[in-house]
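Please open the model in your viewer and keep the selection tool at hand. This tour says what to select at each stop and what is there.

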Amino acid sequence: MDLLQSYAPGDASSPEDESLSSPDSSPLRLPTKSAAPAVDETALALSVAASTSRPLDPSVHLVPFNPTADQLWAPVLGPQHPHAPISSASGHRNHKLGHVEDAALLPFLFDEQYNTFHRFGYASDPSGLQIIGDAQAANPDTVYNLPPSEHKRRRIQSKEEIQEPVPPEAENPAADEWVVHNKKSPWAGVREGPPVELTDEQKQYAEAHAAKKAEKEARGEGKEKTEVVAKTTFHGKEEKDYQGRSWITPPKDAKATNERCYIPKRCVHEWVGHTKGVSAIRFFPKYGHLLLSASMDCKIKIWDVLESKTCMRTYMGHNKAVRDISFCSDGSKFLSAGYDRNIQYWDTETGQVISTFSTGKVPYVVKLNPDEDKQNILLAGMSDKKIVQWDMRSGEITQEYDQHLGAVNTITFVDNNRRFVTSSDDKSLRVWEYGIPVVIKYISEPHMHSMPSIAVHPNSNWLAAQSLDNQILIYSTKERFQLNKKKRFAGHIVAGYACQVSFSPDGRFVMSGDGEGSCWFWDWKSCRRFKTLKCHNGVCIGCEWHPLETSKVATCGWDGVIKYWD
């Protein structure tokens, strides 16, 4: 029909023609029919609406709709069984109350907000966006940036708020309540009650304490003792002989009888005179005809070795135990260091104190420079980790060597007295250039122990160090100060005691005391134990080989006895 209409004459078209060509003019369509059964969608719509308004139940295994992400990860409503495992369906739970996010917070900032909250009742949120607690604060300052005046104002304000009402009895000064409310205490905020009468037991204790205190003051123990006046007593027959020679003059015929040393076998003499333990002994330099001893009874004694074998002089100048003694090069003078924190320089012959030095600390070791032209230089190792150098002519401190980390125990000169080695409680050895307070060699190993005694081998090439792990270690005195691992002397027990180590004059033997009262001898070349002598009842703290009598040894111990062995 459309083709026929296209051949109609003329171009003019009427409204009728337009109506025929419009889509509405197409034939009528039949109504559609669905073959599916009718379904009631009301229940489905209600279930969807209900599911969107509440989270999912994790116990349900079949979900009749597509849930959103928020619904999947929403927490479960209502209480949960305490022993039920927390699954992913119950949300990101890392805490029993829900999810806690990690936040990087400096300890200082946390403490600041923590203290601020407990002090003022508010704190800043970790995000810094809001105030938690008393949000009414106009300027939420923290406890750290408040000025002192504001701290004081707030403290007074809080006290006024908690102040108790004053009872009317407090207005009467005669009442006990007035004492409670008006007594001034040195401790702020502490209120003290009225004075209470002491019980009979308390009164007896107070009287006994007062009696003890008065007794101590009467004995002079309650206060510092006054400075002890140096005294000396000569015990010999005469201080000068018929030729006018002093009693300390060495005999003219004193010389080494044999260059080869031998181990002593028996005790030939005992010197008994000290009332407490002997801490150190020293032979007279080069000749050994006199023996100087320092004791814990605060006295220093000098003994004759060759002839009478008696005490020649007693030096009394310390009021506490004497720690160390040291002769000068010619023996005419000596130094003593005591626990009374004094270093005294004595004249050996007359017993007079030439000078006294002190820094207020305990000197553990004293040494004079061995050079003949430097006999006025004193070095002392102190308990405050310093080595102090004095010029004894002027009495002034000329140098301080301050590098150790513990009390200084020994000072040993090496390399023609140009250097010295020190040991300390810090378990290290330090080598110093004389006069320069800079360490040129620092020796410290994890296996090292404290070394309270050091001796130089007669050939000056080796140092023997008494280590508190019950062995004697050997170090070279050359440039590198290396540990000689091939030489080690052990077997004795010295842990906890500063037992002296010594060499025989010919260098063939090493000698040391021990904590059980024995004196040990080792062969220098083979490092084998040569002999052990039972010398003292207690600690054998010191041992010295006679410089001329090559088979004689002196030992001292804490039993107060000095023994001479041959």
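**Whole chain**

Start with everything shown. This is a predicted model. Colour by secondary structure: the protein has 8 helices and 31 strands. Now colour by burial. Of the 566 residues, 36% count as buried. The accessible area comes to about 35400 Å². Carbon and sulfur atoms hold 53% of that area. For contacts with a separation of 6 or more, residues 24 or more positions apart account for 43%.

**A four-stranded sheet**

Select strands E4, E31, E30 and E29. These 4 strands form an open sheet in the order E4-E31-E30-E29, with antiparallel pairing. Which strands stand at the edges? They are E4 (267-272) and E29 (540-545). Each has a single partner strand, so one side of each is left without a neighbour in the sheet. Neighbouring strands here are turned by 20° against each other on average, direction ignored.

Zoom in on E4 and its partner E31, residues 561-565. The two run antiparallel and are joined by 5 bridges. Select tryptophan 271 and look across: isoleucine 562 in E31 stands opposite. While the strands are on screen, recall that in a regular strand the side chains alternate between the two faces of the sheet.

**A hairpin**

Move to residues 453-456, strand E21, and residues 462-467, strand E22. They pair in the antiparallel sense over 4 bridges. Select isoleucine 454; alanine 465 in E22 stands opposite.

**Cysteines**

Select the cysteines. How many disulfides does the structure hold? The count is 0. Pick cysteine 556 and find the closest cysteine sulfur, which is in cysteine 540. The distance is 6.7 Å, too far for a bond; the cut-off for a disulfide is 2.5 Å. Cysteine 556 is buried, with a relative accessible area of 0%.

**Aromatic rings**

Show the side chains of Phe, Tyr and Trp. The count comes to 25 aromatic pairs. Begin with phenylalanine 110 and tyrosine 114, a stacked pair. Their centres are 6.0 Å apart, with 20° between the planes. Both lie in helix H5 (residues 107-120), 4 residues apart, so about one helical turn separates them.

Now select phenylalanine 503 and tryptophan 524. Their ring centres are 5.6 Å apart and the planes stand at 75°, so this pair is edge-to-face. Phenylalanine 503 lies in strand E25 (residues 501-503). Tryptophan 524 lies in the loop between strand E27 (518-523) and strand E28 (529-534). The pair therefore ties together parts that are 21 residues apart in sequence. Phenylalanine 503 and tryptophan 524 are both buried.

Conventions:
Residues are numbered from 1 along each chain as its sequence is written. This is a predicted model: local features need pLDDT of at least 70, side-chain atom pairs count only at pLDDT 80 or more; totals for chains, interfaces and linings use all residues. Side-chain values use heavy atoms; hydrogens and water are left out. Two strands pair if DSSP finds at least two bridges between them. Axes are lines fitted to C-alpha atoms, for helices over the stretch in contact, and angles run from 0 to 180 degrees between N-to-C directions. Buried means under 20% relative accessible area, exposed over 50%, partly exposed in between (1.4 Å probe, protein chains only). Contact means heavy atoms within 4.5 Å. Accessible areas come from the Shrake-Rupley method with a 1.4 Å probe; for residues, only the protein chains shown count as cover. Rings of Phe, Tyr and Trp (its six-membered ring) pair if their centres lie within 6.5 Å; planes under 30 degrees apart count as stacked, over 60 as edge-to-face and the rest as tilted.
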